[in-house]
Amino acid sequence: MRSRELSVAVFLAFLALLLALFAPGFYNTSNALNLLVNMSYLMIAAVGMTAVILTGQIDISVGAILAACATVAGYSAKAGVPIPAVFLLAVATGAALGAVNGALVAYVRVHSIVVTLATLAVVRGAIILITGGSWIYDLPANFRALGTGTLLGVPIPVWLMAGVTLLGWYLLSHTRWGRSVYALGSSPEAARLAGIPVRWTQLSVFVFQGALVGVATMAFATRFTTIQSNTGSGFEFLVITAVVVGGTNIFGGSGTLLGTFLGALLVSATGTTLTFLRISAFWEGALQGLFILVSVTLDAIRSRRTPLSRTHVEEPLDVPT
């Protein structure tokens, strides 16, 4: 376990101690499962965000993409489309929007912050135009079966989270694509010289991220009886916080899904802890902001100590593939 992951684990232990001292009623199976369900869609999206940030990029459009996937899924379910097909439509919508982001970053060479900020605005505007700002009501009962159902006593969203996390771990740790993601974030020039398809790898991580946001949508939206037009507002902040706090370097090249899992658990547990300790929920956003500020500062200090591995931050990516 690396130092950042160990730090997050220690802080989680501190939160657990606070709950044991001041809210002993928290410790039961129902609360534990609720915590896992609440973090499931966050963790699923964070797996994709980990890959994006490992390449030295970032995606701040995930909240808007989640809203788009939820809108497509909601209207499809109301139209009578079978639930497996609704699931695939949500994933395809996320992957398509991720492909737009990735193509603009990799081939048009626009910075990912600018691209995904524009995507966020365009998608949010499109959703308002399509829905007229109204919520989607009267969703069929089988639509909610995914979000509220259980398998072997464990909620289905938790199974989805476990499956996606294992898939992400395998792809990043045991495939050529995963090695390319880490190499690209460490040094784009070195990656190019090593024969890695730089632009394709950049495109693929955004498609991967978009598809997983589609999966996260089905873990999230199927828990409720309505889909709001502003679904996913602020979701990008939670996802980025989970990844960065978990130890993935904001400048790319290093990080693990174990750290991302701990970060997602910390983000989710913070709100739960405040609720059980009867502390105002307004502190939740402030604490999450503090987490990410400390994490980014630590990354910046670490980057100054290893300048050769971070040259891609300042230099434009001008490499043929």
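**Ground rules**

I take helix axes as lines fitted to C-alpha atoms over the stretch in contact, and angles between N-to-C directions, running from 0 to 180 degrees. Helices (H or I, at least four residues) and strands (E, at least two) are DSSP runs, numbered from the N terminus. I am working with a predicted model, where local features need pLDDT of at least 70, side-chain atom pairs count only at pLDDT 80 or more, and totals for chains, interfaces and linings use all residues. Residues are numbered from 1 along each chain as its sequence is written, and side-chain values use heavy atoms, with hydrogens and water left out.

**Entry: α2 and α10**

I looked up how helix α2 (residues 29–54) sits against helix α10 (residues 198–221): the angle is about 180 degrees and the axes are 8 Å apart. The two are therefore roughly antiparallel (under 35 degrees counts as roughly parallel, over 145 as roughly antiparallel, 65 to 115 as roughly perpendicular, the rest as oblique). Next I listed the contact, meaning heavy atoms within 4.5 Å. From α2 I noted S40, Y41, I44, A45, V47, G48, M49, A51 and V52; from α10 I noted V205, F206, F208, Q209, L212, V213, V215, A216, A219 and F220. By class these residues come to 16 nonpolar, 3 polar and no charged. For the classes, Ala, Val, Leu, Ile, Met, Phe, Trp, Tyr, Cys and Pro count as nonpolar, Asp, Glu, Lys and Arg as charged, and the others, Gly among them, as polar.

I picked A45 out of α2. At 0% relative accessibility A45 counts as buried (buried is under 20% relative accessible area, exposed over 50%, partly exposed in between, with a 1.4 Å probe and protein chains only). Skipping neighbours within four places in sequence, I find A45 in contact with Q209, V213, A216, F235 and V239. I also checked A45 against A183: they are 138 residues apart in sequence and 22 Å apart in space, C-alpha to C-alpha.

In α10 I looked at T217. T217 is also at 0% relative accessibility, so I log T217 as buried. Leaving out residues up to four places away in sequence, T217 touches L66, C69, A70 and T222.

**Entry: α3 and α5**

Helix α3 (residues 62–78) and helix α5 (residues 112–131) pack at about 25 degrees with axes 8 Å apart. I therefore put them down as roughly parallel. α3 passes α5 in a left-handed crossing (the near helix is turned anticlockwise from the far one by less than a right angle; clockwise would be right-handed). G63, A64, A67, A68, T71 and Y75 of α3 meet L120, V123, R124, I127, I130 and T131 of α5. That contact sorts into 8 nonpolar, 3 polar and 1 charged residues.

**Entry: positive phi**

I found R109 with phi near 65 degrees, positive in a residue other than glycine. R109 is in the loop between α4 (83–106) and α5, and at 41% relative accessibility R109 counts as partly exposed.

L152, another non-glycine residue with positive phi, is near 55 degrees. L152 lies in the loop between β1 (150–151) and β2 (154–155). At 77% relative accessibility, L152 counts as exposed.

**Entry: the UniProt record**

The unreviewed UniProt entry annotates "transmembrane region" over several spans, including 60–77 and 258–279; such annotations may be inferred rather than shown by experiment, and positions follow the numbering used here, with feature names shortened. In the model, I get 89% helix and 0% strand for residues 60–77, with the end C-alpha atoms 27 Å apart. Residues 258–279 are 86% helix and 0% strand, with end C-alpha atoms 29 Å apart.
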